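Me: I am new to this structure and would like to get to know it. Could we go through it together, one question at a time?

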Amino acid sequence: MTFPTKNKKLLDWVDEITALCEPEEVYFCNGSEEEFNQLAQQLVEKGTFKRLSDAKRPNSYWAHSDPKDVARVEGRTFICSEREEDAGPTNNWSDPAEMKSTMTNLYRGSMRGRTMYVIPFMMGPVGSPFSLVGVEITDSAYVVCNMRIMATMGAPVLEALGEDGDFVHSLHSVGSPLAEGQDDVAWPCNPDNIFISHFPETREIWSFGSGYGGNALLGKKCLALRIASVMARDEGWLAEHMLLLKLTSPRGEVHYVTGAFPSACGKTNLAMLVPTLPGWKVETLGDDICWLRVGEDGRLWGLNPEAGFFGVAPGTSYSTNPSAMETFTSNTIFTNTALTADGDVWWEGMDGERPDNLTDWTGKPYDPDSGKPAAHPNARFTVSAAQCPQIAAEWQDPRGVPISAMLFGGRRRTLAPLVTEAYSWEHGVFLGSTMASETTAAAVGAVGNLRRDPFAMLPFCGYHMADYFGHWLKFAERKDLKLPRVYLVNWFRKDENNRFIWPGYGENSRVLAWIVDRLEGRADAQETPLGLVPKAGELDLDGVALAPGATKDSLFAIDRADLLAEVEAIASHYAQFGDRLPARLAEELSALRARAQV
Ligand code: O2Y
Ligand code: MN
């Protein structure tokens, strides 16, 4: 067999995995459209894909997974650092040699009867010194099709790799070998043996048993966050779970803003916001991941390493996210949505009435009286970011863009004001390290539980979380830097009748406008124990539809008892880190306690 590369490390690795996994054949992906179409057609013939109506959604496909393989699985995600203490209390740790031994046994013969695909891919734009090359070996054609949308594949990657370039070894098997003559299923997987393992010291990813999303598209959470966060620690940059947007004011001022939000806080909606405030413009650069490096000008420059969106479909509509709706009108893979009788997709929260005669996300006729949703709550669309009508022209600028402000957010019924500005970078790190969000039906755990999710990185930080806090704090030691300002936002405050006070969506542009006014030195702020909030009249609330009877105070008031309870909750959150918690964060907590007691 001849492969289109002379890279010895890659050729040797392909040989090694071929010998281990024993595929029927090996196919080296070139990333072309023709290749995508051929694989998609094969998936249609196998029953994994159904081609949607070309009149409704040209060149688009629908897939539904095994019901036991529908989401990222945090409980089966491992950080296999040499020393357990380097994974920290928020990660599942396993000894790397033991994990490799366990998984080698699982991989042995795991691709029998299947094609093994070799996918050279790049995270980040071609030509950027910051882009990272990986090679994913997988036995899933569904993964190849999704990876082609989410990352750069093909000739430019092999060129960047050269004859002796290194790459992140990313191995994936659905773990479902086929015996001679055995019929395949539409969604092969091995849900009883799922392992999503990361070897941070050797920069390797080994994934087994799941064909779904972040478990299987290894460039995304595994490489661009877990492995990249370790590289970033070692090399002095940041790999963050953040959206990236461009904001232009009516005066023509341009500011780039990042935002870290836990699941179910409307991150993709914010990345594609359509402002209600006249004259303001938001353009999208990324909806999930941002890599940040110090530029020659001392500013942090942000880059979205992904080429596409793997977004949650349910709840997306022309009223919540018109840009997303326009993005996936064609060339899209939908997974675990419902299917309409006329060959289109549907989900709960889409505009209009629910159509009759749906096929539900399991592939069965939908029974509206079942009380169950037709689409899985974690149903997804995979689509190229280039199709987004508000994508910023510079979204693939190899240098990235200079960041003016960072937003941290969460879903909090009480306490957290609509917007709070951090007193300093260090205070911003404190706000990030204590981020929390109330869980919804779409997330793990009981509904309404407060889950601490520092920097929205709880499932994605590839090393000890307290060391990660320390890494963020180090940026403040460099006096040559012009760091972004940090803001905590909360769109989800509720009144005593359990109604959201703030309308959110496009109205969030009012908060962004205040932030720009702060950056431009035009708006005053008022000190509170939690940080700086808009002074009376500084946040434009003209014509905004707050919940009945609500006022600005309903969005900003800080209840003393809630605050004191929060101080103690943060103290117990921090306790898990023991001596490894940076002293500066303990000081920030003491300062908050003192401010709360005044
Ligand atoms: O793989 C999944 O089940 C989805 S998780 C996901 C997908 C896209 C963007 N973000 C996330 C997340 O959990 O943060
Ligand atoms: Mn995410």
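This is a predicted model: local features need pLDDT of at least 70, side-chain atom pairs count only at pLDDT 80 or more; totals for chains, interfaces and linings use all residues.

Me: How much of ligand 1 does the protein bury?

Reply: Let's start with the contacts. A polar side-chain atom of Lys221 lies 2.9 Å from a nitrogen atom of ligand 1, and an N or O atom in the side chain of Asn378 is 3.0 Å from an oxygen atom of the ligand. Taken alone, ligand 1 exposes 360 Å², and the share of this that the protein buries is 90%.

Me: Which residues coordinate the manganese ion (ligand 2)?

Reply: Along the chain, the donors follow the spacing K-x19-H-x46-D. His241 lies in the loop between strands E12 and E13 and Asp288 in the loop between strands E15 and E16, so this pair ties together parts that are 47 residues apart in sequence. At 2.1 to 2.2 Å, the coordinating residues are Lys221 (NZ), His241 (NE2) and Asp288 (OD).

Me: Is His241 buried or exposed?

Reply: A residue counts as buried when its relative accessible area is under 20%. For His241 the value is 6%, so this residue is buried.

Me: How many of the eleven residues of helix H12 are buried?

Reply: Among the buried ones are Trp514, Ile515 and Arg518. Helix H12 (residues 509-519) is largely enclosed by the rest of the structure, because the number of its eleven residues that are buried is nine.

Note on methods: Residues are numbered from 1 along each chain as its sequence is written. Chains are lettered from A and ligands numbered from 1 in the order in which they are written. Side-chain values use heavy atoms; hydrogens and water are left out. Donors are N, O and S atoms within 2.8 Å of the metal (3.2 Å for Na, K and Ca); water is not among the atoms, so sites may look incomplete. Helices (H or I, at least four residues) and strands (E, at least two) are DSSP runs, numbered from the N terminus. Buried means under 20% relative accessible area, exposed over 50%, partly exposed in between (1.4 Å probe, protein chains only). A polar contact is a pair of N or O atoms within 3.5 Å; within protein, one must be able to donate a hydrogen and the other to accept it, and residues adjacent in sequence count only if both atoms are side-chain atoms. Accessible areas come from the Shrake-Rupley method with a 1.4 Å probe; for residues, only the protein chains shown count as cover.
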